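Here's a friendly walk through one structure, helix by helix and ring by ring. Have a look at it first, then read on.

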Amino acid sequence: MCRKSCCKYCCAFFPPILVALQLGGWRDQPELVREVGKTYFAKTDNYEAFTLTDRHRDEFFRDGATLLKGVLKPEVVKKLHEYVAPIDYFDPRNIGNLWMMSDEILDFYLFGPLGDIARQVFQSPQAVTAHLAPSAQLQRDFISRRHLNSTNGWHIDRTECQMGDQPSKYLSTALARLAVPLIVEGGVRGTQIINQSKYAAAMSEGTREEYLAGKSMYRKEGRFEQWMLWDPDTAVPVLPGVKLDEEMIIEHWMEPGDIVLFNTCLWHCSPPWVGPEQELGLQPTYAPSNHIAHDPPTYTDMMASWCLYDEFAGKPIGEVNSSCYPYAYPEDKRPKVGSTLTLKRRLYLLDISLPGTFPEKARCKSRCILKALPSSAMVASLALWNAVDAATCPAGKDTFPPPSQAT
């Protein structure tokens with residue numbers, strides 16, 4: 001029975017892989033060129049400086065999340081919403097690292113207040129990065145969507161939480177997200193996040209000491225999603241060695257211009273969608289200068305949107321001059337107005353979604369094949385990606401556990 005199922009899934013999934021590799025090559029994709037400072041979002045008059053308070057720092061480093069009220073002007077949020085709303089689910093700009101494909105969003109991240117907020121977090125006395133020279137470099141972003149059944153189940157962000165189960169002070173490896181809901185009017189429920197101090201309190205004494213020292217491994221790999229064969233409707237994540245309950249959940253009410261700063265290593269999820277409109281957001285992260293880039297596990301970035309940075313692999317991003325991690329702070333290191341950034345994405349398999357990579361008909365057919373796959377075939381695909389990662393990653397790191405380890 002197992003062999004028949006495996007054969008069925010492999011037969012379903014291998015053809016589009018082979019088609020994509022044959023047509024798109026392994027890393028043979030076009031360069032992306034961004035021009036800096038020419039859009040509405042580069043105008044510094046659109047923004048006001050935002051200063052973190054002691055309360056913000058205390059909440060973030062104690063509980064793992066804090067609400068920043070009124071960071072952005074309502075007219076800026078409206079302009080961002082007008083830009084992002086037409087980007088549909090299968091638009092290539094929707095596959096992660098939107099900034100690499102958008103001068104507007106790149107300008108917002110470089111010239112807006114978010115980079116300076118990240119810099120303030122990195123310099124907080126509670127942070128392991130407090131000794132570094134003040135800086136903030138753009139690491140990654142994506143568009144979040146809450147509509148009908150699109151709510152994300154409990155998960156950690158393995159694209160930013162890169163070295164295990166760590167509390168918020170380890171900002172070089174447990175990067176902080178700045179969640180920017182694109183609310184034009186009214187308000188919206190913010191991300192549900194497991195309170196860091198309550199999470200630590202639920203551990204045994206020895207485990208808690210290891211966690212607070214930043215030495216804990218991930219409790220689970222994956223997401224509480226149906227396509228991963230985990231129950232997406234669980235009230236809290238079910239994790240080994242720690243019992244969580246709903247009293248541990250942090251949730252903020254957010255209005256236009258508000259931002260939530262939170263630790264990407266904390267388990268979090270989207271609250272249920274209430275409608276009637278699709279709820280959109282931008283989800284950028286910035287990194288300190290001593291951050292060392294790591295490719296995420298493939299299951300977290302199946303569209304392979306990661307920047308190709310092989311020339312400085314293993315080096316702190318502050319020691320190299322790369323378009324993959326442009327400075328938002330300090331201003332004298334920020335890309336100059338009128339300059340260009342040249343980038344490449346990894347695009348292991350799904351470069352079928354990038355215009356110009358190969359002919360439109362082939363791209364459309366491959367995309368249709370992928371869309372037609374049953375959700376169960378996605379589980380089978382993880383084993384394939386593990387084989388790829390095992391061949392390309394040292395010591396088999398960044399691989400996904402077999403489905404038998406998922407609950």
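## Helices and what they hide

Helix α3, residues 74-84, has V76, V77, L80, Y83 and V84 as its buried residues. Viewed down the axis of α3, these buried residues fall within an arc of 125 degrees, so they line one face of the helix. The arc is taken from the directions running from the helix axis to the C-beta atoms. In general, an α-helix has 3.6 residues a turn, so residues three or four places apart point the same way.

Before going further, note that this is a predicted model: local features need pLDDT of at least 70, side-chain atom pairs count only at pLDDT 80 or more, and totals for chains, interfaces and linings use all residues. Residues are numbered from 1 along each chain as its sequence is written, and side-chain values use heavy atoms, with hydrogens and water left out.

Buried means under 20% relative accessible area, exposed means over 50%, and partly exposed is in between (1.4 Å probe, protein chains only). Helices (H or I, at least four residues) and strands (E, at least two) are DSSP runs, numbered from the N terminus. Contact means heavy atoms within 4.5 Å.

What covers the buried residues of α3? The cover includes α4 (103-111), β4 (143-146), β5 (176-181) and β12 (279-282).

Helix α2 (residues 54-63) has its own buried set: H56, R57, F60, F61 and D63.

## Cores and rings

A nonpolar core is a set of buried Ala, Val, Leu, Ile, Met, Phe, Trp, Tyr and Cys residues joined through side-chain atoms within 4.5 Å. The largest one here has 61 residues, and F108, L282 and Y286 have the most contacts inside it. Helix α4 gives this core its largest share, 6 residues. Setting aside neighbours within four places in sequence, F108 is in contact with F41, Y47, L72, V76, L80, L114 and L282. There's also a second, separate core of 31 residues, which includes A65, W154, Y199 and W267.

F108 turns up again in an aromatic cluster, together with Y40, F41, Y47 and Y109. Rings of Phe, Tyr and Trp (its six-membered ring) pair if their centres lie within 6.5 Å; planes under 30 degrees apart count as stacked, over 60 as edge-to-face and the rest as tilted. How many aromatic pairs does the whole structure have? A search finds 9. One of them is F224 with W267, edge-to-face, at 5.8 Å centre to centre and 70 degrees between the planes. This pair links distant parts of the chain, 43 residues apart: F224 is in the loop between α7 and β8 (249-250), W267 in the loop between β10 (259-263) and β11 (268-269). Both F224 and W267 are buried.

Charges sit over rings as well, meaning NZ of Lys or CZ of Arg is within 6 Å of the ring centre and within 35 degrees of the ring normal:

| Charged residue | Ring | Distance to ring centre |
|---|---|---|
| K79 | Y40 | 5.2 Å |
| R119 | Y329 | 4.9 Å |

## Two residues to look up

Is T285 buried or exposed? T285 is buried, because its relative accessible area is 0%. T285 belongs to strand β13 (residues 285-287).

A202, in the loop between α6 (196-201) and α7 (205-212), is partly exposed at 27% relative accessible area.
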